[in-house]
Amino acid sequence: MRETLETLAGTLPLFIVSNCQDGYIQCFLRYYHMEPLIRDFLCPGQSGRAKAENIAALVRQYGLQHPVYVGDTQGDCAAAHAAGVPFLHAAY
């Protein structure tokens with residue numbers, strides 16, 4: 001996974017939107033030394049908003065022209081579509 005993220009981060013801004021509590025993403029990034037790969041992140045624990053709203057917020061904040069949401073659940077797919085963002089399924 002890290003190799004893929006490093007390759008992508010070399011040419012694209014990467015973001016994390018998750019349904020977790022505040023602090024979880026920060027700990028994950030710090031533990032795996034991935035802070036330099038991720039431009040920003042947002043979760044309900046920070047914003048008090050649902051995933052679709054958080055996806056849309058990052059798209060607006062960074063002026064993303066062609067964002068894509070990569071996720072592994074039907075809920076991720078629904079949130080991406082609700083935010084008006086194409087969805088790619090991560091089939092591990």
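The questions and answers below concern a predicted model. Residues are numbered from 1 along each chain as its sequence is written, and side-chain values use heavy atoms, without hydrogens and water. In this predicted model local features need pLDDT of at least 70 and side-chain atom pairs pLDDT 80 or more, while totals for chains, interfaces and linings use all residues.

Reader: Where is Ser18 found?
Author: Helices (H or I, at least four residues) and strands (E, at least two) are DSSP runs, numbered from the N terminus. Strand 1 covers 15–17 and helix 2 covers 24–31. Ser18 is in the loop between strand 1 and helix 2.

Reader: Is Ser18 buried, partly exposed or exposed?
Author: Buried means under 20% relative accessible area, exposed over 50%, and partly exposed in between, with a 1.4 Å probe and protein chains only. Ser18 has 22% relative accessibility, so the class is partly exposed.

Reader: Which residues does Ser18 touch, not counting those up to four places away in sequence?
Author: A contact means heavy atoms within 4.5 Å. With sequence neighbours up to four places away left out, Ser18 touches Ile25, Leu42, Cys43, Pro44 and Lys51.

Reader: How are the rings of Phe15 and Tyr62 arranged?
Author: Rings of Phe, Tyr and Trp (its six-membered ring) pair if their centres lie within 6.5 Å; planes under 30 degrees apart count as stacked, over 60 as edge-to-face and the rest as tilted. By this rule there are three aromatic pairs. Phe15 and Tyr62 have 4.9 Å centre to centre and 55° between the planes, and their pair is tilted.

Reader: Why does this pair tie together parts that are apart in sequence?
Author: Phe15 lies in strand 1 and Tyr62 in helix 4 (residues 51–62), so the parts tied together are 47 residues apart in sequence. Phe15, at 22% relative accessibility, is partly exposed. Tyr62 is also partly exposed, at 30%.

Reader: Which element gives the largest share of the lining of the largest pocket?
Author: On a 1 Å grid over the protein atoms alone, a pocket is an open set of points where a 1.4 Å probe fits, with protein on both sides within 12 Å along at least five of seven lines; lining residues have an atom within 4 Å of a point. The largest pocket is lined by 35 residues, with Leu5, Phe15, Ile16, Val70 and Gly71 nearest its centre. Helix 1 (2–9), strand 1, helix 2, helix 4 and strand 3 (69–71) each give two or more residues to this lining. The largest share, four residues, comes from helix 4.
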